[in-house]
Amino acid sequence: MLLKFSSASNLIYFKFYFEPPSFGWEAFFILFYPVYDPVYFLLASIWNITDSDCMFRSTSLTRKYLLCATAVLFCAPALHAANIEEMAAQIAAMEKRLARLESRLAINEQKTKEVKVQASNASGSVANSTTMGILSNSAWRNLRWTEEDQWQTVVNGASIEQVHEALGKPPRTIKSLRPQVDLVYFYEISIGDKHGLRGKVSFRKGKVIAVTKPDFSKNHSGR
Amino acid sequence: MKKTIAITTALAATSSLATAEIKINEFLSFAGFVDSSYSHTNIENGAAKGTGNSFQVDEVEIDWMFNLGKVTAQVDLQYEGGSGSGTVEQAFASYDLGNGLSVTAGRFESALGLEAKEPTGLYQFSKAYDVGSDDNDDSGLGSLNILPQYNQGVKLTKVSGDNVYSISVLDEFTGDDSNGLGGDNGGANSNYAFEASASIAFGDGMTWFLGGAYEIGENVNTDAYAANTHLTVQSDALTYGIEVSLGEDEGGFASGLGRTAGTVNEEVMQALIMANYAYSGSSSVTGRISYSDHQATVGAANSEADFLKYTLAHNQAVTDNLAVITEVSFVDGTINSVNYEAIVGAVEVLFSF
């Protein structure tokens, strides 16, 4: 950004050679502009400044220092305002970052909760303990289907993508041998565990045609 | 036919859409089936008579699927009770190029043909152009299907919505090849082939398929082609299908009709029409009529054969992965004006996983 100054008519004005302006030096001069006239006339009345075409060319160092000090004094509130805007931007960025961290924390808490649900459902069996060990150590296996609320959107007519979104991809899938069913998703902890959570979603032509939700009402003391 | 081969094969290789699988971990899953049956066959081939009485595990297959992001791979291992041997049915790797494009290399299934190549995709026990086999394979002619099945090559597939297009370079499709890819190959018959197909979904359950394969024989006159088109319509309870295939093989197609490379020029026309009606959530009946016509030049003589096959099958799904299929079929044909008849009754138990 190039700035061009002139003191014509006792005013400092500047021209921006590039658009749009951004905050930085430009902001300083924008803020400085409205206070320049009162400052100049104040100093002129005190020290008899005559080089009104270019005040800064005064030969008196004292005048220059005083002039600058006065300018700084008048500009301080404007600079303060600029700092506030900068701080506001920083706070906004931090709030966004905090929101992201909170979101990640919520996801991790949900996963932990789901694993605990599985552990409570599968207690009492060595095989199940082994299964749960595998499950809890398998980050790839999405267990959000174990939450009852996740099944609310899985209704007849829903698409495969919607089921993936709600329940995650199933650990077991088969092409059904039934005549009017194309594909069946099995959501289950263990095929051999009859008491564990298990659900089933059947598809035809890419749409849900039947849903068997897990029985969330029994054997869930740990939830 | 529950899912046309062209679509399932292409999608399995190009997308993450769900197929049958049991996940072992994020990268590896498997699927498969066990197909066993009892069948009884009576065959009259002119004066020769034969019977088949089979009670066996027809096929066991385990498909291993690897998912490495843009690269997927599949290895299908099968055991066939008829031959008593295990083979690698498919082994291929695919690379997802994006925008529905993928390239596949290895041994893979042909897109041609209305009927599924595996029993899990069939409504019947037998296939349309299988005219029966006896215990000693001396009277029955077995399968007369002229379409490519599984071959080695490289395939480019484009999936656009429900439409699937593919083009491939193959080492062969007729069985004439000596495992080379063209060239002299030490004086042996070294063929190469091309296959192209398009499957177009018109909506409302209607799908049209058009495809063909052409094989070039380098050393011996074994050039061949096969063209195939079929139309399927699926409504809630009804499924209709119609198919027509044309083909010619200078060496004669591999079938029970026999072949002598260089001396046989065989032209074939095959067609089928079928309908399946699901009268409940677990039961369906299927009717099918299929026809196979063969005209061959053997030396200076002409040879003709034609077969008409009627099939009635009932499919009872016990669960989603266990079904019992019963079938009665009758084949009426002639081979050089000699009558050929076969009656087949079968009960098949199919378990998939």
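Student: How many helices and strands are there in chain A?

Tutor: This is a predicted model. Chain A holds four helices and four strands, and along the sequence they follow the pattern α-α-α-α-β-β-β-β.

Student: What percentage of the residues of chain A count as buried?

Tutor: Of its 223 residues, 17% count as buried. As for contacts in chain A with a separation of 6 or more, 49% are accounted for by residues 24 or more positions apart.

Student: Is A:Ser103 buried or exposed?

Tutor: A:Ser103 is exposed because it has 10 other C-beta atoms within 10 Å. The residue sits in helix 2 of chain A, residues 61-121. Its C-alpha atom is separated by 30 Å from that of A:Asn83, 20 residues apart along the chain.

Student: How many residues of chain B are in contact with chain A?

Tutor: There are 26 residues of chain B in contact with 16 residues of chain A. On the chain B side, at least two residues each are supplied by strand 1 (21-23), strand 14 (283-298), strand 15 (301-319), strand 16 (322-335) and strand 17 (338-352). Strand 1 of chain B gives the most, with three residues.

Student: In which sense do strand 1 of chain A and strand 1 of chain B pair?

Tutor: Strand 1 of chain A, residues 172-175, pairs with strand 1 of chain B in the antiparallel sense, over two bridges. Within strand 1 of chain B, B:Glu21 stands opposite A:Thr173.

Student: Which residues touch the most other members of the largest nonpolar core?

Tutor: In soluble globular proteins, nonpolar side chains tend to be buried together. Here the largest nonpolar core has 27 residues, and those touching the most other members are B:Val131, B:Phe307, B:Ala323, B:Ile325, B:Ala342 and B:Leu350. Two or more residues of this core come from each of strand 2 (28-45), strand 13 (264-278), strand 15, strand 16 and strand 17 of chain B. Strand 17 of chain B gives the largest share, five residues.

Student: With which residues is B:Phe307 in contact, leaving aside its neighbours within four places in sequence?

Tutor: B:Phe307 is in contact with B:Val131, B:Ser292, B:Val331, B:Gly333 and B:Tyr340.

Methods. Residues are numbered from 1 along each chain as its sequence is written. Chains are lettered from A and ligands numbered from 1 in the order in which they are written. This is a predicted model: local features need pLDDT of at least 70, side-chain atom pairs count only at pLDDT 80 or more; totals for chains, interfaces and linings use all residues. A residue is buried if 20 or more other C-beta atoms lie within 10 Å of its own, exposed if 12 or fewer, and partly exposed in between; C-beta atoms are placed from the backbone. Two residues are in contact if their C-beta atoms, placed from the backbone, lie within 7 Å. Two strands pair if DSSP finds at least two bridges between them. A nonpolar core is a set of buried Ala, Val, Leu, Ile, Met, Phe, Trp, Tyr and Cys residues joined through C-beta atoms within 7 Å.
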